[in-house]
Amino acid sequence: MAVGKSAVGQQLAQHLGWEFVDTDAVVVAQHGTIAEIFASRGEHAFRELEARAVAQAIEDARRSNAVISLGGGAVLDSGTQQLLGRCTVVYLECDAETVAERIARNSGRPLLAGDAMGRWRTLFATRQPVYERLADLILDVRRGTVSELAHRLEDALEEYAAAKTAGVPAPAATKEVE
């Protein structure tokens, strides 16, 4: 949450000439704001809508390459985790200090109501192991412009694809993008 998934993803898609899909934006376009969904229908209903949006985006990407940005909690759904097994997954790694200013500027995050940074740290602690387990690549987004991060990621994805094509398994230590 607030690590720059949409900005970096959109820039990467532009570099690659691929479609960009932000699953949160898809849910909002079809069902209203995330805050409204949480308030009127609850988190469980939002997660169902989110899982459907992710599944549709992944299905659509089978026909045409796409960069898909998932909401921070989307990976907690077991069905989504299975679908991501067919994809190259990038975890944008960040820390609380880096996201604090972004979170302070955006009060529309229902899961961060009240003590936003305390809630962020709690959510991150439960989600981080899932992010790391699912990730094929890990990009540290603490430093660099959006454009620089997208270029680093593009280079890492090319190396990853070449190694995968050659049948060379990437050890866990090489997941991190330099």
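# A first look at this predicted model

In this predicted model, helix α1 (residues 5–16) and helix α8 (residues 146–165) have axes that come within 9 Å and cross at roughly 60 degrees. The two are therefore oblique to each other, and their crossing is right-handed. They belong to a chain of 178 residues, 40% of which count as buried. Here is a short tour, beginning with the overall layout.

**The chain as a whole**

- The chain contains 8 helices and 5 strands.
- Read from the N terminus, its elements follow the order α-β-α-α-α-β-α-β-α-α-β-α-β.

**Helix α1 against helix α8**

- On the α1 side, the contact is made by Ala7, Val8, Gln11, Leu12, His15 and Leu16.
- Helix α8 contributes Val146, Ser147, Leu149, Ala150, His151, Leu153, Glu154 and Leu157.
- Sorted by class, the residues of this contact are 9 nonpolar, 4 polar and 1 charged.

**Helix α2 against helix α4**

- Helix α4 (residues 43–61) packs against α2 at an angle of about 115 degrees, and the two axes are 9 Å apart.
- This crossing, of α2 and α4, is right-handed.
- From α2, the residues Thr23, Asp24, Val26, Val27 and His31 take part.
- They meet Phe46, Leu49, Glu50, Ala53, Val54 and Ala57 in α4.
- The contact of α2 with α4 has 7 nonpolar, 2 polar and 2 charged residues.

**Thr23, a residue to look up in α2**

- Thr23 lies in helix α2, which covers residues 23–31.
- With a relative accessible area of 1%, Thr23 falls under the 20% cut-off and so counts as buried.
- Setting aside neighbours within four places in sequence, Thr23 is in contact with Ala53, Val54 and Ala57, as well as Ile68, Ser69, Leu70 and Gly71.

**Helix α3 against helix α4**

- The axes of helix α3 (residues 34–41) and α4 come within 7 Å and cross at roughly 130 degrees.
- That angle makes α3 oblique to α4.
- Ile34, Ile37, Phe38 and Arg41 of α3 make the contact with Glu43, Ala45, Phe46 and Leu49 of α4.
- By class, this contact of α3 with α4 has 6 nonpolar, no polar and 2 charged residues.

**Asp136 and its surroundings**

- You will find Asp136 in the loop between α7 (116–134) and β4 (137–140).
- Although Asp136 and Tyr91 are 45 residues apart in sequence, they are 7.9 Å apart in space, C-alpha to C-alpha.
- Not counting residues up to four places away in sequence, Asp136 touches Cys87, Thr88, Val89, Tyr160 and Lys175.

**Cysteines**

- A disulfide is a covalent bond between the sulfur atoms of two cysteines.
- The structure holds 0 disulfides.
- Cys87, one of the residues touched by Asp136, is partly exposed because its relative accessibility is 23%.
- Cys94 has a relative accessible area of 5%, so this residue is buried.

Definitions and conventions
Residues are numbered from 1 along each chain as its sequence is written. This is a predicted model: local features need pLDDT of at least 70, side-chain atom pairs count only at pLDDT 80 or more; totals for chains, interfaces and linings use all residues. Side-chain values use heavy atoms; hydrogens and water are left out. Axes are lines fitted to C-alpha atoms, for helices over the stretch in contact, and angles run from 0 to 180 degrees between N-to-C directions. Helices (H or I, at least four residues) and strands (E, at least two) are DSSP runs, numbered from the N terminus. Angles under 35 degrees count as roughly parallel, over 145 as roughly antiparallel, 65 to 115 as roughly perpendicular and the rest as oblique. A crossing is left-handed if the near helix is turned anticlockwise from the far one by less than a right angle, and right-handed if clockwise. Contact means heavy atoms within 4.5 Å. Ala, Val, Leu, Ile, Met, Phe, Trp, Tyr, Cys and Pro count as nonpolar, Asp, Glu, Lys and Arg as charged, and the others, Gly among them, as polar. Buried means under 20% relative accessible area, exposed over 50%, partly exposed in between (1.4 Å probe, protein chains only). A disulfide is a pair of cysteine sulfur atoms within 2.5 Å.
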